[in-house]
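Let's take a walk through this structure together, one region at a time. Have the sequence and the 3D view ready as you read.

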Amino acid sequence: MPEMPEVESLARFLRERCVGHTIADVELAAFSALKTYDPPLSALRGLEIDDVTRHGKFIDVSAQGLHLVFHLARAGWLRWSEELPTAPARPGKGPLALRLRLDDGSGFNLTEAGTQRKLAVHVVPDPQSIAMVATLGPEPLDHAFDRATLDALLDHAGRAQLKGVLKDQRVIAGIGNAYSDEILHAARMSPFKPASSLTDEERDTLLAAIKGELTGAVARAEGLAAKDLKAEKKSGMRVHGRAGETCPVCGDTVAEVSFADSSLQYCPTCQTGGKKLADRRLSKLLR
């Protein structure tokens, strides 16, 4: 799933190419993707794009008072083309979910692989009318996200495990499965450690890891074309998606905990005192 660094880069990529252009057409190919009906998708036609921004993992294309807001979910992606096909998009054929064409013939396709249709598209006058946008937690790279903010979030989370706290969009916006693994590895903390158990020193360490990992990822993605972001994200990971490989910090073997629909990766030496974690229900290892 694209997370905050990739979504931020996509928003910047689109901002450079779309602002000042008029939306010539918007075609829906996957009816399950559209989550709103009023105003209709057709209301975007003829409007000039004035900005492209981000809310957590949502991209917001703003055009004269209307907002095309979309979330790529786990298997979605944005594919830019300097010259889109002129043939109409065919509903139900292939991975195409939505096509947006600009006045110069360029534009983008939103695609979704697999059979789970989770990609979501909204057309709204106000992004805050979208429940999942309105309930987003603070942005971790904002200057206002400081130690006091983190303290309040951790204290409110209580005994909840750090991995889940970092991934919860209502707590912190934009961090998902991959970057939560990387943050916890950088902080040398178990994914199962209770949030409220962190000492003052550990809280400082966690804050530095959140800022450092996300800032570094955004910097690595800066200026890349949309098609290159997935490869850049994967290449920058030290533990996520690297089970069985060597930890670049200590040389131990990266381990994994699997769940029904996801998994996490960690380094036993760096994060859990050399001990292997069982699954979430059975493990009693807290740090």
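Predicted model: local features only at pLDDT ≥ 70, side-chain atom pairs only at ≥ 80, totals over all residues.

Helices (H or I, at least four residues) and strands (E, at least two) are DSSP runs, numbered from the N terminus. Residues are numbered from 1 along each chain as its sequence is written, and side-chain values use heavy atoms, with hydrogens and water left out.

Is Q265 buried or exposed? Q265 counts as buried because its relative accessibility is 3%; buried means under 20% relative accessible area, exposed over 50%, and partly exposed in between (1.4 Å probe, protein chains only). The side chain of Q265 makes polar contacts with the side chains of H240, at 3.2 Å, and S263, at 3.0 Å. A polar contact is a pair of N or O atoms within 3.5 Å; within protein, one must be able to donate a hydrogen and the other to accept it, and residues adjacent in sequence count only if both atoms are side-chain atoms. Setting aside neighbours within four places in sequence, Q265 is also in contact (heavy atoms within 4.5 Å) with residues including D181, V239, R242 and V254.

The unreviewed UniProt entry places the feature "domain: FPG-type" at residues 238–272. UniProt positions are given in the numbering used here, feature names are shortened, and annotations may be inferred rather than shown by experiment. Over residues 238–272 the chain is 11% helix and 23% strand, and the end C-alpha atoms lie 16 Å apart.

Now turn to the nonpolar cores. A nonpolar core is a set of buried Ala, Val, Leu, Ile, Met, Phe, Trp, Tyr and Cys residues joined through side-chain atoms within 4.5 Å. The largest one has 38 residues, and L14, L68, F70, L98, F108 and L110 have the most contacts inside it. Helix α1 (residues 4–18) gives this core its largest share, six residues. Leaving aside neighbours within four places in sequence, L14 is in contact with V19, V52, I59, F70, L78, W80 and F108. A second, separate core has 27 residues, among them L153, L154, I183 and V218.

How many aromatic pairs are there? The count comes to two, where rings of Phe, Tyr and Trp (its six-membered ring) pair if their centres lie within 6.5 Å, and planes under 30 degrees apart count as stacked, over 60 as edge-to-face and the rest as tilted. F13 and W80 form an edge-to-face pair, 6.0 Å centre to centre with 85° between the planes. This pair links distant parts of the chain, since F13 is in helix α1 and W80 in strand β5 (residues 76–81), 67 residues apart. F13 is buried at 7% relative accessible area, and W80 is buried at 17%. F70 and F108 form a tilted pair, 5.9 Å centre to centre with 40° between the planes. Because F70 lies in strand β4 (residues 66–71) and F108 in strand β7 (residues 107–112), the pair ties together parts that are 38 residues apart in sequence.

Finish at G174, in the loop between α4 (162–167) and α5 (177–187). G174 is buried, with a relative accessible area of 0%. G174 and H55 are 119 residues apart in sequence, yet 8.0 Å apart in space, C-alpha to C-alpha.
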